[in-house]
Structure formats: C-alpha cells, structure tokens
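Please open the structure in your viewer and keep the sequence panel beside it.

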Amino acid sequence: MTQPAANHSLAAERAWDAASAVPDPEIPCVTVAELGILRKVVVENGVAVAYVTPTYSGCPAVLAIELAIEAALLDAGFEARIERVMSPAWTTDWITPEGCEKLRAYGIAPPVKGSNSKMALFGETVVNCPRCGSSDTQKISEFGSTACKAHYTCRRCAEPFDYFKCI
Amino acid sequence: MTGVAIVHSHLFEAVLQLADDHLILGHRVSEWCGHAPMLEEDLGLANMALDLLGQSRALYAYAAEIEDAGRSEDDLAFLRVERQYQNCLLVERPNGDFAHSILRQLYFAAFMHPFWHHVAANSSDETLRGIAGKAEKEMAYHLRHSAEWVVRLGDGTDESAKRVKEAVDALHHYTDELFQGSSAMTACAENGVLPDVETLRPSWTSTIADVFAHGQLAMPEVAHPQTGGRMGEHGEEMGHILHELQYMQRTYPNLQW
C-alpha cells in the first residue's frame, strides 16, 4: 500500500515502503501499515521518522513493533527515529480492507466497523465465523488470548475462533 | 487554555491521581492471574488488569512530562510513599471473592466509561483526549463484562446471590469518593481539561440501578461514605499492595528491565 498522506520525496517513499512491510509481531499475517499503526514516515535531514500510534493501552507488543520498524528503516539505509502519537487514538476502523481480509483468511474475525461496542450494556455484536461465514456464533469471553482479541465459537461449524475486538 | 500557571501543577496532580487509580486497581486485578474460577475468566481478569496498567502507564508518562523534573513514569509509579498516592479507597479494597472483585470492577468502569467519554469529546488537552479515546472503548468492555457477571451472580443461585449481596454491602460505601473532586480535579474541570466528576453521578447511578434491577439486587442507602484516599489516607491494605508493587525498585534501586 502507499503512504496515506501524499509525501513527495523519493526517500520518504522508500522509507515508507521499508517500514510499512513490517509484520505485526503477534498477528504476522498483517503489516503495521494494514493495521493502521504506522501513520506516516517522513525524511528530515536524512533521518527517517516513523509516526506510530499504539493500539490497545496495555498492548505489550508496542515496543516490539517500534523496534521492528526502526530495524527495517536501518536496514533500508536510513537513520531512524520513532515518534509515538497518542492523539487521535487508534481505532480498529483504521485497519485497511486488505488487512481485514487477511485477518479473516488467518482465522481471526475482523472487527465489525462502527459496531456497538462503544457502549451497549447487555448488547451483542453479530460476528461472522471467519471459517464458514455463518453468523450463528456465540461469544465465549469478552477477553481472549491477547489484549486485542475476544473469544468466540461458531455454532454451525463448531470451530472456536478469535474476534479482533472493536475499539 | 487559560490560567496556565495554575493549571500546570493542578494538571500534574490530577493526572497523577488518575494514574494511581488505574495502577492500584490494575495491580489488584492482576492478583487474580492464575486463581480465577475458570480459564476464560482468568484471561478476562488478566486482560482487564493489562488495560488498566496500560492506561496507568500512559497517564504516569504524561504526568512525568508535565512535571518536567527528571522523574520518569517508573519513579512516579514505584518510588513514592503511601501518603503520596491519591487513589480512591475503592480500588485498593482487597479482592475478596470473585463477586467482590467483579462488583468493584463494575463500580469503577461505570464511572470511568462516562469520564473518558467526556474527556475524549470535550477536553482542551490533546494528550488526554488521545488517552481517553482509547480508554473509553476499553472501559466499555470492562463495563459490559462486569455488568453481565453481576447480573449472572445476583440472579443466579442462592449462594451466588448471597455472595454478591455481601459484596454490595462491603463496597457500596466506597463509591461516593469517585464523585469527590480534589482541588486539582476541580481546577482542571474549571479549565475544561477534565469533567466535573459530580456531573457524572447521574450516569453512574442509572447504570448501576439498571444492572442491579437485572440482577435482582437492591440499591443500598449509604449512611457513612468512606473517603480519604484522595488525600493520601489509605486503609491498611494499601501498605501491603505497595510492599509487593515496589519490592523490586526498593530492593534493587534503579533496576531496569
């Protein structure tokens, strides 16, 4: 994918290509760009600065992600720096359509866009099974194997699966 | 922002107080790790603890930046003494049984969810808006999860109903403190940085009343609200928490991972 905000310099484009290819350490089927964690890369005086927005507050992978991006930029011949951007807060709506499709193919139900998880006491979100596509699924636990996932099971194909929590 | 000079120290104090609430509750909830009644709940509690610790890290880091006195987020979290922690008493209450812990989570989440919603939508402070944008959505999970459990317990077996009623009796009188703004909080509210906590009371009360109605629980009258945490006056349990929390930094000063 290309850098969202048009950046004209060739160096910045090369830096973006290097940084954006870094896979997420916990869900390696998607890249940091597809997850929307990597916001932009600029090159100033030969230093590539990657702007990174952390996902969940308690995500232990944040540091690993930043180090991986830094390493990718160094490999591409840049001096590198990471800027952590807290605001605006990352949201699952920033995961690209390709990212969602890769998550599904990997067996993780992608977040439901604009779902009701913002509030909805006693509310339920309909999550489709990433394997058979059935909407006849059941939430096992709001909290799954990592900070970003909830645990579901499919009533039709009987497979358990992870759902990428919508924030 | 107006009144910058005053707000600077007040902002530090208010952010620190928020960070303390999240650190202490996060630590409490983390004590369940490996002890929960079932595997899904063990993961759920550990995940909630992780959310709270993550939120506290962001808040301590911001407090350290505001203070700009060479103290790091770790210094603020680990190297203060008991009277300097301003967390409310609710979050330091011992875990008790599962009903106690999940009810404590409900009380806190029902307060923090509208709190962060207000900050994300209205705060004049960009960093806090960013922290709040994430925390609001995370607390929605805590709220829904704990509310469902309180209903399940209250409307469950005689034993589960008895346990959760005991938890209400034990914890409800600690909830009033959530709505007591310290002078720093009040100053931040006047400057549009944080909400006036008293204005969140109707939302909190209606959430709890809704959950209690579903769970066949009565809303208790509180004759003597328990307060003091915001002024650093804690229960005996706080020292025990800090002992465990600070052990590594006290034993090996300046230890780094």
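**Starting with chain A**

Select chain A, where 51% of the 167 residues count as buried, and keep in mind throughout that this is a predicted model. Coloured by secondary structure, chain A shows three helices and seven strands, and when read along the sequence these follow the pattern α-β-β-α-β-α-β-β-β-β. Of the contacts in chain A with a separation of 6 or more, 52% are between residues 24 or more positions apart.

**A stop on helix H2 of chain A**

Next, select residues 62-75 of chain A, which form helix H2, and find A:Glu70 within this helix. A:Glu70 has a relative accessible area of 28% and is therefore partly exposed. Leaving aside residues up to four places away in sequence, A:Glu70 touches A:Ala80 and A:Ile82. If you also pick A:Asp17, you will find its C-alpha atom 13 Å from that of A:Glu70, although the two residues are 53 residues apart along the chain.

**The cysteines**

Now show the cysteine side chains; how many disulfides does the structure hold over all chains? There are zero. The sulfur of A:Cys154 has its closest cysteine sulfur in A:Cys132, at 3.6 Å, which is too far for a bond because a disulfide needs the two sulfur atoms within 2.5 Å. A:Cys154 itself counts as buried, because its relative accessibility is 3%. For A:Cys29, the closest cysteine sulfur is that of A:Cys148, and the 11 Å between them is again too far for a bond.

In soluble globular proteins, nonpolar side chains tend to be buried together.

**Ending on helix H6 of chain B**

Stay with B:Leu128, whose contacts beyond four places in sequence include B:Leu11, B:Tyr62, B:Val119 and B:Leu194. Then select residues 126-154 of chain B, helix H6, whose 29 residues reach 41 Å from the first C-alpha to the last, close to the 42 Å expected at 1.5 Å a residue. Because 25 of those 29 residues are buried, H6(B) is largely enclosed by the rest of the structure. Finally, zoom in on the start of H6(B), where a side-chain oxygen of B:Asp125 comes to within 3.0 Å of the backbone nitrogen of B:Thr127.

How values were computed:
Residues are numbered from 1 along each chain as its sequence is written. Chains are lettered from A and ligands numbered from 1 in the order in which they are written. This is a predicted model: local features need pLDDT of at least 70, side-chain atom pairs count only at pLDDT 80 or more; totals for chains, interfaces and linings use all residues. Side-chain values use heavy atoms; hydrogens and water are left out. Helices (H or I, at least four residues) and strands (E, at least two) are DSSP runs, numbered from the N terminus. The expected span of a helix is 1.5 Å times one less than its number of residues. Buried means under 20% relative accessible area, exposed over 50%, partly exposed in between (1.4 Å probe, protein chains only). A polar contact is a pair of N or O atoms within 3.5 Å; within protein, one must be able to donate a hydrogen and the other to accept it, and residues adjacent in sequence count only if both atoms are side-chain atoms. Contact means heavy atoms within 4.5 Å.
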